[in-house]
Amino acid sequence: MLSSIASAAAAKSSIPLQAEALSELENALEGVLENVFVAAFAYAKSDGRTVIDAKDIQAVHNKIMKNSKKN
């Protein structure tokens, strides 16, 4: 997913961008991103929706930040 976005951004950008680096980042973060989206979908589902939006991801972020402050 990120690799195609990165390639399109690199083609339009005046700033040098290595699409391969973003692809490697995607691979490294794949598990984390998957967990975030699964949790965000749970928020959407509890609100009666089947599509994730920004507020769902923000809710996951807030929960992560709240839990990190406890540690």
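**View 1. F37 sits in helix α2 of this predicted model**. Helices here are DSSP runs of H or I with at least four residues, strands are E runs of at least two, and both are numbered from the N terminus. Set aside the neighbours within four places in sequence, and F37 is in contact with I52 and I57; a contact means heavy atoms within 4.5 Å. Take I52: F37 and I52 are 15 residues apart in sequence, and their C-alpha atoms are 8.0 Å apart in space.

**View 2. F37 also belongs to a nonpolar patch on the surface**. Its members are L25, L29, V32, L33, F37 and I57, and together they have about 470 Å² of accessible area. Areas like this come from the Shrake-Rupley method with a 1.4 Å probe, and for residues only the protein chains shown count as cover. To get into a patch, a residue needs over 30% relative accessible area and no salt bridge; nonpolar side chains (Val, Leu, Ile, Met, Phe, Trp, Tyr) are joined within 5 Å, like charges within 9 Å. Which helix gives the most to the nonpolar patch? That's helix α2 (residues 19-46), with five residues.

**View 3. R49 lies in the loop between α2 and α3 (54-70)**. The side chain of R49 has polar contacts with two aspartates: one of 3.0 Å to the side chain of D47, and one of 3.4 Å to the side chain of D53. A polar contact is a pair of N or O atoms within 3.5 Å; within protein, one must be able to donate a hydrogen and the other to accept it, and residues adjacent in sequence count only if both atoms are side-chain atoms. What else does R49 touch, not counting residues up to four places away in sequence? The answer is Y43, A44, K55 and D56.

View 4. A salt bridge means a side-chain nitrogen of Lys or Arg within 4 Å of a carboxyl oxygen of Asp or Glu. D47 counts as partly exposed because its relative accessibility is 45%. Through shared partners, salt bridges join D47, R49, D53, K55 and D56 into one network. Across the whole structure, the search finds four salt bridges.

**View 5. Stepping back, the protein chain has three helices and zero strands**. Starting from the N terminus, the elements run α-α-α. What share of the 71 residues counts as buried? It's 13%. The chain exposes about 5600 Å², and carbon and sulfur atoms supply 61% of that. Among contacts between residues at least 6 apart in sequence, 9% join residues at least 24 apart.

**Notes.** Residues are numbered from 1 along each chain as its sequence is written, and side-chain values use heavy atoms, leaving out hydrogens and water. As this is a predicted model, local features need pLDDT of at least 70 and side-chain atom pairs count only at pLDDT 80 or more, while totals for chains, interfaces and linings use all residues.

Terms used:
Buried means under 20% relative accessible area, exposed over 50%, partly exposed in between (1.4 Å probe, protein chains only).
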